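Hi,

Here's the structure I promised to pass on.

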Amino acid sequence: MKRTRAGTLTTDQVGEQAKVQGWVHRRRDHGGVIFLDIRDRSGVVQAVVHPESTPEVAEALHPARLEYVVEVEGSVVRRDPDKVNPKMATGEIEVQVREGRIVARSAPMPFAMEGAQDASEETRLKYRFLDLRREGLQRNLRLRSDFTIESLAYFREQGFVNVETPMLTRSTPEGARDYLVPSRLNHGSFYALPQSPQLFKQILMVSGLERYVQFARCFRDEDLRADRQPEFTQIDVEMSFVDEEDVYSLVEGLFSRVFPLAGITPPASYPRLSYDDAMSRYGSDRPDLRVDLEIADVTDCLRETEFRAFQAAIGAGGVVRGVHIPGAAGSSRRQVDEYADIARRHGAQGVLWVKRENGVPSFLVRNALTPAQVETLADRLGVEEGGMGLLVAGPAPTAAAALGALREEVGRRFGHMREDAHEFLWVHDFPLVDWNGDEGRWNATHHPFTSPRMSDLDRLESDPGSVRSRAYDVVLNGNEIGGGSIRIHQRELQKRVLALLGIDAEEAERRFGFLFEALSYGAPPHGGIALGVDRIVMLMAGAGSLRDVIAFPKTASALCLMTEAPSTVDQEQLLDLGLRLRPRPAGG
């Protein structure tokens with residue numbers, strides 16, 4: 001008999017024969033009758049074995065325990081009305097078993113399938129093959145599969161060519177550490193696993209392919225978080241003869257195609273914010289627009305104040321900014337201390353407040369400001385009756401970071417976040433470079449191949465910090481889900497940018513000579529984007545971690561607990577590669 005999926009059985013099959021194969025999800029014995037809930041990928045169905053009518057089957061299935069694999073055949077029948085289980089999709093029917101057997105036994109489970117989420121993550125990752133039996137994780141992986149298939153279909157319809165780029169390449173400066181692979185045939189030389197296919201996809205544009213896409217596997221040897229893994233997947237896209245709007249339109253079309261798979265309908269087009277606006281209004285270059293609060297700059301109305309904290313910040317070229325939290329005026333001293341702790345974690349000295357109660361505004365430090373200054377301050381922040389404005393004084397980046405964190409945390413506490421909303425936006429006009437004070441040099445804000453805005457090009461060497469790039473990020477609910485740029489397609493401009501980053505001509509030629517040569521053979525204007533598959537699917541699924549949408553993830557220490565990777569290798573393998581291990585230096 002052909003197999004029937006457990007979760008597909010309905011009352012329409014009553015009277016028919018069914019063959020169900022799967023795992024024992026639950027087992028109950030009542031008066032000698034054996035009840036087995038059998039689970040497969042489609043769902044669960046109850047099978048009933050009556051010893052008096054099928055003693056051989058009862059004997060065969062009697063040893064069955066949780067997670068044994070079993071096979072049963074029998075008739076689909078309606079349950080008695082008082083036995084219907086409304087919590088099961090198949091709760092109106094059951095299979096009366098006439099034949100059955102145990103296909104495979106299971107060792108005692110390290111955790112139960114029901115309530116497995118309560119087991120430690122370490123245990124679940126060690127037994128990932130069991131953890132993946134959970135319906136929630138399987139649902140996430142099916143969503144990821146549908147996302148991949150629909151995405152590729154969309155790009156095919158848009159005229160893209162799917163090209164696989166090398167996994168063994170050379171190390172390039174990308175802002176994080178490479179995973180290195182020693183070459184057996186070329187002792188002393190190393191490949192690097194790609195952090196992105198950036199240079200290859202640009203060369204494909206020089207090659208005249210015009211529209212490239214790849215679900216690219218990428219690797220970064222850096223510290224991990226809940227939203228970061230050492231190996232990850234991105235939709236890698238590059239196009240010739242395009243500008244920013246072409247990329248925006250392409251991605252918005254893709255998201256309109258794939259997000260409905262999770263019941264999410266994106267808007268037809270997304271708001272656009274410059275980097276400067278995002279930082280000044282929301283304190284973040286990936287703002288969460290579900291929080292209906294904005295930061296206001298009140299520096300100019302406090303320049304004449306004698307309050308020392310404001311004087312010091314403004315005199316040093318800093319700012320005073322704040323955010324109004326409606327309904328927060330009644331915050332306790334302990335709560336205000338918590339707000340200050342949040343600000344300190346982001347570099348600020350603490351927070352000050354102004355609030356309005358009984359129609360009268362007040363400031364944290366009595367008599368530090370005149371009544372008129374307090375009134376002006378409250379008005380500029382928009383502090384309403386019962387509201388509180390939280391203030392940070394200091395350098396603009398510090399004020400932005402602290403108030404950005406406060407805006408989200410306190411806004412959430414006081415009900416100013418639309419938790420079930422999905423807010424997409426584009427952030428653009430990022431700085432081309434930012435200053436690395438520790439190393440005394442400029443770093444690329446995105447990567448070294450991002451084009452500066454032509455209108456800012458005359459300041460590239462004289463005032464690089466003011467130069468804007470043609471980079472852009474797409475953001476969803478405070479998460480960057482993709483980043484890209486219009487690229488440099490002129491050889492000499494690429495050399496100027498590399499020189500700005502401290503890469504001299506000799507080193508640039510050694511590392512990027514192949515790129516310079518390619519750009520000298522008629523390189524078209526081009527640009528693209530990389531979309532983070534793991535993070536997008538995590539947000540679509542409403543999962544709390546990337547590990548919930550990756551079949552075999554690593555831990556925060558980059559370990560695979562199931563396979564115990566990374567592991568040591570035989571001395572012979574090391575010798576074959578021309579390698580020798582030595583003790584790590586003390587403190588290293």
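A quick word on labels: helices (H or I, at least four residues) and strands (E, at least two) are DSSP runs, numbered from the N terminus. Residues are numbered from 1 along each chain as its sequence is written, and side-chain values use heavy atoms, with hydrogens and water left out. Bear in mind that this is a predicted model: local features need pLDDT of at least 70 and side-chain atom pairs count only at pLDDT 80 or more, while totals for chains, interfaces and linings use all residues.

Let's start with Ser485, which sits in strand E21 (residues 479-486). Is Ser485 buried or exposed? Its relative accessibility is 0%, so Ser485 counts as buried (buried is under 20% relative accessible area, exposed over 50%, partly exposed in between, with a 1.4 Å probe and protein chains only). The Ser485 side chain has a polar contact of 2.8 Å with the side chain of Arg487 and another, at 3.3 Å, with that of Thr450. (A polar contact is a pair of N or O atoms within 3.5 Å; within protein, one must be able to donate a hydrogen and the other to accept it, and residues adjacent in sequence count only if both atoms are side-chain atoms.) Setting aside neighbours within four places in sequence, the residues in contact with Ser485 (heavy atoms within 4.5 Å) include His447, Tyr472 and Gly528.

Strands count as paired if DSSP finds at least two bridges between them. E20 and E21 run antiparallel, joined by 6 bridges, with Leu476 bridged to Asn479 in E21. The two strands make a hairpin with 2 residues between them, and Asn477 in the turn has a positive phi of about 50 degrees. E20 is also joined to E17 (residues 424-428), antiparallel again, by 5 bridges; there Trp426 stands opposite Val474.

Elsewhere, 5 strands close into a barrel in the order E1-E2-E3-E5-E4, with mixed pairing.

Enjoy exploring!
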